[in-house]
Every structure is written in structure tokens, then in C-alpha cells.
Amino acid sequence: VSCGNESFSFQNICYLFLLFALRESMFWKEDIFSVEECQNDKENNDSNNNGEIQKEQQQQSVVNCDGDDSKQIRGHASTAAFYLALASYMEIFPCVYIIPIALLLRSGVKNEQGKKQAMIACIAFFILWSICLQFLSASLVGSKNWPVVMMKTYGYSHGFVDSSPNLGLLWYFFIQTFGRFRLYYIIVFAGLPYIFISPICARLHRYPFEMSTAFAFLWVLHKPVPTIYDVFITFTLVLLSPRSVIRMGNACLVAVVSLIVPIVLFIMDYWMWLETGVGNANYMFFQCLAFNGFYATILLEFVVASLQRDKTLRLTEKETK
């Protein structure tokens with residue numbers, strides 16, 4: 001359910017670049033098996049000290065396993081920042097993902113100095129790639145037309161230009177709003193999702209992937225034209241956090257099962273109102289309200305489960321100390 005094929009494909013590309021950025025920032029998880037192999041090689045070398053050749057091999061394995069490869073970190077940071085800059089060029093909200101991506105890159109480094117360098121490199125590369133993309137856009141469309149292009153690009157997602165029926169709640173609100181109050185509510189609703197960024201970062205800074213999942217939920221609830229594709233992406237990200245999923249309550253299960261009901265009824269009411277003229281806009285809005293209520297319940301359960309996980313980990317750390 002979307003507002004046209006163009007916006008649907010546009011959002012697909014944006015999410016694709018965002019997923020590429022998240023995957024690139026988790027490069028250190030791919031090296032777990034190689035690190036274990038290096039540790040096994042070290043144990044074998046310790047047990048078979050039979051000559052200078054084995055000592056040299058042991059030294060090489062230690063360098064390859066424990067040494068900080070700053071070039072590799074910068075390479076992954078540059079690639080992740082490039083994908084994020086592409087996603088942010090299409091929609092401005094993905095800019096907030098620089099926080100979890102920088103934290104994910106930081107998790108792949110052992111020493112404190114390397115962690116700071118990884119975060120600074122990620123932010124610096126993101127700013128650099130964003131400036132390059134804007135400069136390329138200005139050179140292609142012309143300096144005079146560039147502000148107009150930017151206003152239409154970012155104004156579509158934050159200006160609530162399209163008020164056609166969708167699974168969100170804002171389309172119904174703006175068709176009922178008087179014209180003289182429209183600018184005021186545009187500013188309020190455009191800034192509303194960014195209010196929750198700081199609390200989420202403060203509480204989930206130790207879990208950057210869960211933080212990025214919460215951002216995805218938050219954007220779907222506040223974006224002008226949410227789609228079924230957005231729902232599938234967020235559910236996929238949730239499944240990649242099994243330790244939070246096992247702590248989610250029964251309300252989440254009920255909400256997930258119940259989501260299909262307002263979606264099916266929304267499609268039916270869409271056809272009845274816009275095709276046959278028998279239905280009413282209030283019927284569609286009620287289904288949108290139910291859909292967003294169930295979706296917000298899943299978000300709340302996921303965040304609460306992540307906080308319970310963090311609390312358990314902190315208590316365990318205190319007991320061990």
C-alpha cells in the first residue's frame with residue numbers, strides 16, 4: 001500500500017543503501033571465525049616450539065590477529081558513510097543513523113584510541129561524502145536550480161505535500177486542517193520524530209543495532225507515506241536482535257497477528273471510497289489508527305525488552321565485580 005510506484009521504488013533504494021551501510025559497519029562480526037583460527041594457530045605454535053620457523057610463524061599470527069588495522073577500519077568507515085550519505089541524499093531522516101553506525105564501527109576496535117578514531121573517521125567521511133553528493137547535484141542541475149531540487153527532494157518527506165490516503169495518520173489530519181495553520185503543523189510534525197532521538201541514544205548506546213531498529217520503527221510511525229515495505233524492513237531488523245525478542249511480552253504477539261486485519265480492511269475501504277464512492281474517509285482512518293496502534297505497541301515492547309536486557313547485563317556486571 002503506497003502512494004504510487006515512483007515513491008515506492010524511491011523508498012526501496014533508500015532502504016537498500018541504509019542496509020548496506022549497517023552491514024558494512026558490522027565488518028568485525030565477519031572476522032570472528034578468522035580470529036578464532038588465529039587463536040588456534042597460536043595454541044598450536046605454543047605446543048610445538050620446534051624451531052625458529054615456528055617462532056616466526058607465531059609472531060606473524062600474533063600481528064595478524066591482535067594488531068589494529070587502521071587502514072581496514074578507515075575503509076569500512078568510508079564505505080558505510082558513503083552508503084549512508086546516499087540514503088540521506090534521498091531522505092533526510094537517515095542522517096540519524098550515523099550514531100548507531102559509528103557505534104557499530106567502534107565495537108569492532110579493541111583499544112580506546114582506535115575506537116575514537118573509528119567514530120571520528122565515520123562522521124568525517126559521512127560529512128565529506130554528503131558534501132560531494134550535494135556538489136555533484138549542484139553541478140548537474142545548475143547552481144540556480146539546486147535549491148529548488150533540494151526543497152522538492154526533502155520537502156516531499158517533511159512538507160507533507162502528498163495527502164493521498166495511506167497507512168499513516170497525517171494524511172487525514174492535513175486534509176482537515178485549515179490552510180492558515182498548515183505551516184505551523186508542518187513544522188511540528190516534521191520535527192516530532194527527532195525529539196525521540198536523544199532519549200533512545202541515551203538508553204541504548206550500548207546496543208547500536210537495537211538503536212537503529214528503534215529508529216526504523218520511529219520513522220515509519222511519523223513519515224507521511226508509510227508502506228508495507230517499511231513494515232517488512234523493521235520486522236527483519238527486529239529478528240536480528242534475538243536477545244531482545246525473547247524478552248518481548250504477549251502484547252507484541254497479539255499486535256503482530258492483528259496487523260493483517262487493518263491492512264486488509266484498509267485496502268477494502270480504499271476501493272469502496274475512491275473507486276465505487278460507497279465508503280467514507282472515516283472508515284479508512286479508523287484502520288490507519290488501528291494499524292499505527294498495533295505498530296506502536298510492537299515498538300514499545302521492543303524498546304522495553306532492550307532496556308530489560310541492559311538492566312540484566314548491568315546487574316550481572318555489578319555482581320561479578
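Me: Which residues of helix 7 are called buried, and what makes them so?
Reply: They are G114, K115, A118, A121, C122, F126, L133 and S137. Buried means under 20% relative accessible area, exposed over 50%, partly exposed in between, with a 1.4 Å probe and protein chains only. This is a predicted model: local features need pLDDT of at least 70, side-chain atom pairs count only at pLDDT 80 or more, and totals for chains, interfaces and linings use all residues. Residues are numbered from 1 along each chain as its sequence is written, and side-chain values use heavy atoms, without hydrogens and water.

Me: What is the span of helix 7, and what is it set against?
Reply: Helix 7 covers residues 112-141, 30 residues in total. From first C-alpha to last it reaches 44 Å, close to the 44 Å expected. The expected span is 1.5 Å times one less than the number of residues. G142 follows helix 7, with a positive phi near 100°.

Me: How many helices and strands does the chain have?
Reply: There are 17 helices and zero strands. Helices (H or I, at least four residues) and strands (E, at least two) are DSSP runs, numbered from the N terminus.

Me: What share of the chain is buried?
Reply: Buried residues make up 39% of the 321 residues.
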